[in-house]
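Here's a friendly walk through the structure shown below. Take a moment to look it over before reading on.

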Amino acid sequence: MSDHIAAVRRYARVHHVHGLAIGLALVTVCDALFGSINISLPAGNAAGVAVIPFRRELPIAFAALAAGSLHSVVADMERAASKTFRTYEVAHAIAVSAITVVLLGSAEAVFTTTELAVLMMRALLIWLGLAFLSGRIFGWMLSWVLPTLTIFPLTYYGAEDLGRHRWWDWTGQSAGSLPCWALAAVSLTVGAGALALTPWRLHGLSRCRAARSG
């Protein structure tokens, strides 16, 4: 048991768990204090502008911190890590995802409404899946890339001329929108698949394809 605890502590240390805790605390405070501030962004509607609360974009920061925390100072060694390390990594991803959802949901429930809290948690689930995919493709420090790229379609094309949010606008549709929950399920599935595709697994798939073609 003591060896296991020591291994967990080493894992947490190289993954900067203290920095993650500070980052999540700061983003939670920003959501509570500044989430209601409206920001104006270009939009493809008749007015040419979309005015949205700052809190609608903050789940991206939570998702980027969660996925980015998988980066470590010994990343090169971890690429050839054992099955035990993979267990730690998966547990890490699940735990940090759950923590971010609880933090965001709690802040929203306290400072806004329960419905808005559910809506923001759904948005976070979608961005978490994209963040894990982005981290696997570009590296964990760039896990923010794919979530950030969604800001443009969500703000520029998210609403029709009459102001109604399109069915896929997961930050504007109601908390009970089934298509948006389907998007959340798909995104999380893709993110889980990205976590499973470790570099050594990708290398093994490449070798299998090469053997078959040869």
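In which hand does α3 pass α6? The crossing of α3 and α6 is right-handed. A crossing gets that label if the near helix is turned clockwise from the far one by less than a right angle, and left-handed if anticlockwise.

## Before we start

This is a predicted model, so to speak of its local features a pLDDT of at least 70 is needed, while side-chain atom pairs count only at pLDDT 80 or more, and totals for chains, interfaces and linings use all residues. Residues are numbered from 1 along each chain as its sequence is written, and side-chain values use heavy atoms, with hydrogens and water left out.

## The overall picture

The chain holds ten helices and two strands. Here helices are DSSP runs of H or I with at least four residues, strands are runs of E with at least two, and both are numbered from the N terminus.

Of the 214 residues in the chain, 37% count as buried (under 20% relative accessible area; exposed is over 50% and partly exposed is in between, with a 1.4 Å probe and protein chains only). The chain's accessible surface is about 11,700 Å², and carbon and sulfur atoms own 70% of that; the areas come from the Shrake-Rupley method with a 1.4 Å probe, and for residues only the protein chains shown count as cover. As for contacts (heavy atoms within 4.5 Å), take those in the chain with a separation of 6 or more: 64% of them come from residues 24 or more positions apart.

## Helix α3 and its neighbours

Nine of the eleven residues of α3 are buried, so the helix is largely enclosed by the rest of the structure. Among the buried ones are Leu58, Pro59, Ile60 and Phe62. The axes of α3 and α6 come within 8 Å and cross at roughly 40°, which makes α3 oblique to α6. On the α3 side, the contact uses Pro59, Ile60, Phe62, Ala63, Ala66 and Ala67, and on the α6 side Met120, Leu124, Trp127, Leu128, Ala131 and Phe132. These residues divide into twelve nonpolar, no polar and no charged (Ala, Val, Leu, Ile, Met, Phe, Trp, Tyr, Cys and Pro are nonpolar; Asp, Glu, Lys and Arg are charged; the others, Gly among them, are polar).

Helix α2 (residues 17-34) packs with α3 (residues 58-68) at an angle of about 175°, their axes 10 Å apart. The two are therefore roughly antiparallel. Angles under 35 degrees count as roughly parallel, over 145 as roughly antiparallel, 65 to 115 as roughly perpendicular and the rest as oblique. The axes are lines fitted to C-alpha atoms, for helices over the stretch in contact, and angles run from 0 to 180 degrees between N-to-C directions. The contact of α2 with α3 divides into eight nonpolar residues, two polar and one charged. Also in α2 is Val29, partly exposed at 43% relative accessibility. Its C-alpha atom is 8.4 Å from that of Ala107, 78 residues away along the chain.

## Where α6 meets α9

Helix α6 (residues 114-138) and helix α9 (residues 178-196) have axes that come within 8 Å and cross at roughly 30°. They are therefore roughly parallel, and their crossing is left-handed. The residues in this contact divide into 14 nonpolar, three polar and two charged. Among them are Val118, Arg122 and Leu125 in α6, and Cys180, Trp181 and Leu183 in α9.
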